[in-house]
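Here are a few friendly notes to go with the model.

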Amino acid sequence: MAISDEQQTEGQNGRVTESPTQIRRMLPADMVDRGGCPFDPPPGVRQRRGQGAIQPLQLLNGAPTWLVTGLQEARAVLADSRFSSDRVRYPDVTKLQPHEVEQLTAAANGSGSGATVAPKVETRTDGMFVFMDPPEHTRLRRLLTGQFTVRRMRALESRLREIAVEHIEAMRAAGTEADLVPAYALPIPSLAICELLGVDYADRAEFQERTAIALNSNTPDDERMRAGMELYGFIQGLVAAKRDKPGDDILSGLVHDADPPLTDAQLTDVALVLLGAGHETTANMLGLGTFALLEHPDQLAALRADPSLMDNAIEELLRYLSIIQMGVSRVAIEDVTIADVKIPAGGTVIIATPEANRDPRHWDDPDRLDVRRPRASHLAFGHGIHQCLGQQLARAEMKVGLSELITRMPDLRLTVPADQVPLRNEMLIFGVHSLPVTWS
């Protein structure tokens, strides 16, 4: 499923967009591009280690923000209701132009200390719950939590193994080389989402094709937008079909169990959130996780020698890789002091997840990948009310995907030098664009 429930598509009324370019344009390149080691936090972030768990950071548009690099402090922000996720009601300065920053700063300076930020709209009628606060978020989240039943997750885990084996056998049948991203990493979560949403088998090829285009950063903008609109229309049709003929799937449950009922627009938005959450994040963890293990042969050998380490390895990869780059932000709706740092009302904080997950106050030798490291909580799935509701499914997808791959392809290796593997530096969700591999 997701790495957190807020790191995916942000859009309404048919817009399906991952939004890395906004925050990327506002940050120096060395704070978003991973440097010499593709698995480490960006060098501009690592250089800030030891300079405070919450640090002032000026964006390129001139806006002041606060960068949170400490694990404890990040949890405090994410659990504090005085920090809002609602990007409709409260302006996030990472999305503002310089003249808008000046206007906002002038208004803030005139408001005085202890002020609160007035919401821009009174009610939310969309279904983008990842960008909502209570009570709207609470209702939609509760409805979704009720659909992630133990029975459904167990049945899906069994299907995941079938999907993984099918795709490994397809790669073997096609030869001795493949790009692991489209051949394996992408199809596993994509087909899992098909199962969750109840997409008919006859429609899954169309669903996967449109999803791949809409969420592919290499796709030209016009093609991506067109595919996004087509995908929105596809899901609208799926919602209508579930109204007429419900099945044993999450979307049918949301259509028929919600009281009061959700609108078609809300249902479509929720389905798009689940798609973005369950597709991009897990796919990139599978691709990047495989890359990391191939580049750490001692850790890969340990896993092959002792498969019982896999659960530990999944948690360590989630912590070590931290594919959510610089995209988790919150807006203070009143003055808040955390770790002796005052965040004024209207201030934007950015959680540096890759660095928080390597906080040396919480992990020994945090820059080392160690599949034997004792399991410890991390921020890969977020924290607080927006913590990933599908995190157990995400773990299952990773465990099945990696276990089957390293077991059935014991001599898997890269076909290019590691520094030639193309990285998703330009995207909100980090990973690899492709991973060329071979086997005997």
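How many aromatic pairs does the rule give? The count comes to two, where rings of Phe, Tyr and Trp (its six-membered ring) pair if their centres lie within 6.5 Å, and planes under 30 degrees apart count as stacked, over 60 as edge-to-face and the rest as tilted.

Some ground rules before the points. This is a predicted model, in which local features need pLDDT of at least 70 and side-chain atom pairs count only at pLDDT 80 or more, while totals for chains, interfaces and linings use all residues. Residues are numbered from 1 along each chain as its sequence is written, and side-chain values use heavy atoms, with hydrogens and water left out.

1. Start with Phe-39 and Phe-291, an edge-to-face pair with 5.0 Å from centre to centre and 70° between the planes. Phe-39 belongs to the loop between α1 (20-26) and α2 (43-46), and Phe-291 to helix α12 (residues 264-294), so this contact ties together parts 252 residues apart in sequence. Helices here are DSSP runs (H or I, at least four residues) and strands likewise (E, at least two), numbered from the N terminus. Phe-39 is buried at 3% relative accessibility, and Phe-291 is buried at 0%; buried means under 20% relative accessible area (1.4 Å probe, protein chains only).

2. Phe-39 also pairs with Tyr-320, this time tilted, at 6.4 Å centre to centre and 35° between the planes. Tyr-320 sits in helix α14 (residues 310-321), so the pair ties the loop between α1 and α2 to a part 281 residues away in sequence. Tyr-320 is buried, as is Phe-39.

3. Two arginines deserve a look. The charged end of Arg-34 is over the ring of Phe-430, 4.0 Å from its centre, and that of Arg-319 is over the ring of Trp-363, 5.5 Å from its centre. The criterion is NZ of Lys or CZ of Arg within 6 Å of the ring centre and within 35 degrees of the ring normal.

4. Strands β1 (residues 54-58) and β2 (residues 64-68) pair antiparallel over five bridges; pairing requires at least two DSSP bridges. Ile-54 has Val-68 as its bridge partner in β2. The two strands form a hairpin with five residues between them, and Gly-62 in the turn has a positive phi of about 90°.

5. Finally, three strands make an open antiparallel sheet in the order β4-β10-β9. β4 (177-179) and β9 (413-414) are at the edges with a single partner strand each, so one side of each lacks a neighbour in the sheet. Two bridges join β9 to β10 (residues 436-438), with Arg-413 opposite Thr-438.

Terms used:
Buried < 20%, exposed > 50% of the residue type's maximum accessible area, 1.4 Å probe, protein only.
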